[in-house]
Amino acid sequence: MDIGSGSTKPKVPRPRQGSPAVLAPDILEPFQQFFATAAIPCPYVSGRSERKLIVELAGRDAADFYDDLSRAGFRRSHRFAYRPACHNCAACVPVRIAVESFAHTRSTRRVRNLNRGVAGRLVAPRAAPEQFQLFLAYQRSRHRDSDMAAMSYADYRNMVEDTPVRTAIAEFRDGDGRLAAASLIDRLDDGLSAVYSFYDPTQDRQSLGTWTILWLVEESRRLGLPYVYLGYWIAESPKMAYKARFPALERLGPAGWTPVEIPG
């Protein structure tokens, strides 16, 4: 499936590695309505509060606008882009994999070998009952106390189909054709963004969550895209620890996108 790469406006030059990630004034001018949410308990770090800066993605340039927002650390949910805006906390660090620099480690080779019989492909962003059943099994096993565990099929359909940008679903099927994992993704002008992934919770030994990311790295390489955006890494959150294990990881900080130094 081709999820598109076209753009209708001149692109702002991409920040070089190590340069600050800023949004040019001409990009922000048509989109002045940024809002901060009220503080709620942080779902990742106990005892802290979470606030977000959000903006609606609307109009014919929504995809182009989101390309630039992604480089500035924003993520997407439905028709809105957001990023953390918490007082006295910078625990949520945007991270991405630099595809050209990616080289398998012993750990990622093991995951790749375990899943040689699992085939991935991109399909249109259309909800299907098969996907929803897998999504529900994953939520009830891994996040049973979250709001997502109570989502209806209509909620899931909105999550998948309510998109103003270039979106697809990566489906992963085993040798029998059974859906083993899926990942909702956005295509950016410089990479693929993993919006939300889920997998069969009974197949822990397969490391399917890691496999979906490894597949996206190879798909980005095939498409000639330099990055795979993984969202936020939180060092203090066990749920997010896995992201730091990927090779060629970069983080967004005050100096821009720089390599993540993993203690050896």
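The model is predicted, and its secondary structure comes to six helices and 14 strands. Of the 264 residues in the chain, 45% count as buried. Among contacts between residues at least 6 apart in sequence, 68% join residues that are at least 24 apart.

In soluble globular proteins, nonpolar side chains tend to be buried together. In this model the largest nonpolar core has 54 residues, and those with the most contacts inside it are I97, F135, Y156, F198, L216 and L230. Helix α6, which covers residues 208-223, supplies the largest share of this core, namely seven residues. A second, separate core holds 17 residues, including V55, F65, A81 and A98. When neighbours within four places in sequence are left aside, L230 is in contact with R75, V95, R96, I97, I213, K243, F246 and L249.

Helix α6 also contains L208, which is counted as buried because its relative accessible area is 3%, a value under the 20% limit. Apart from residues up to four places away in sequence, L208 touches N115, A180, A181, Y199, D200 and Q203. The C-alpha atoms of L208 and F198 are 8.5 Å apart in space, the two residues being ten apart in sequence.

Helix α4 (residues 129-142) has 14 residues and reaches 20 Å from its first C-alpha to its last, which is close to the 20 Å expected at 1.5 Å a residue. Its buried residues are Q131, F132, L134, F135, L136, Y138 and Q139, and these pack against α5 (153-161), β9, β10 and β11 (191-199).

Strand β9 (residues 167-173) is mostly covered, with six of its seven residues buried. Strand β8 (residues 119-123) runs antiparallel to β9 and is joined to it by five bridges, and the bridge partner of L122 in β9 is A170. Strand β10 (residues 179-188) is likewise antiparallel to β9, through seven bridges, and here I169 stands opposite L184. The hairpin formed by β9 and β10 has five residues between the strands, among them G177, which takes a positive phi near 85°.

Most residues other than glycine have a negative phi. With a relative accessibility of 87%, N88 counts as exposed. A248, which is not a glycine either, has a positive phi of about 60° and is found in the loop between β12 (227-233) and β13 (249-253). A248 counts as partly exposed, at 23% relative accessibility.

Side chains of opposite charge can pair when their charged atoms come close. In this model the count of salt bridges comes to 17. One of them joins D190 to R71, with the closest N and O atoms 3.4 Å apart. Because D190 lies in the loop between β10 and β11 and R71 in helix α2 (residues 62-71), this pair ties together parts that are 119 residues apart in sequence. Both D190 and R71 are buried.

A further salt bridge is formed by the side chains of R79 and D162, at 2.6 Å from N to O. R79 lies in the loop between β5 (75-77) and β6, whereas D162 lies in the loop between α5 and β9, so the pair ties together parts that are 83 residues apart in sequence. R79 is partly exposed, with a relative accessible area of 35%, and D162 also counts as partly exposed, at 24%.

E50, in strand β3 (residues 49-50), is buried yet has no salt bridge, and the nearest side chain of opposite charge, K52, is 4.3 Å away. Leaving aside neighbours within four places in sequence, E50 is in contact with A38, A39, I40, P41, C42, P43 and C86.

Definitions and conventions. Residues are numbered from 1 along each chain as its sequence is written. This is a predicted model: local features need pLDDT of at least 70, side-chain atom pairs count only at pLDDT 80 or more; totals for chains, interfaces and linings use all residues. Side-chain values use heavy atoms; hydrogens and water are left out. Helices (H or I, at least four residues) and strands (E, at least two) are DSSP runs, numbered from the N terminus. Buried means under 20% relative accessible area, exposed over 50%, partly exposed in between (1.4 Å probe, protein chains only). Lys and Arg count as positive and Asp and Glu as negative; His and the chain ends are not counted. A salt bridge is a side-chain nitrogen of Lys or Arg within 4 Å of a carboxyl oxygen of Asp or Glu. Contact means heavy atoms within 4.5 Å. A nonpolar core is a set of buried Ala, Val, Leu, Ile, Met, Phe, Trp, Tyr and Cys residues joined through side-chain atoms within 4.5 Å. Two strands pair if DSSP finds at least two bridges between them. The expected span of a helix is 1.5 Å times one less than its number of residues.
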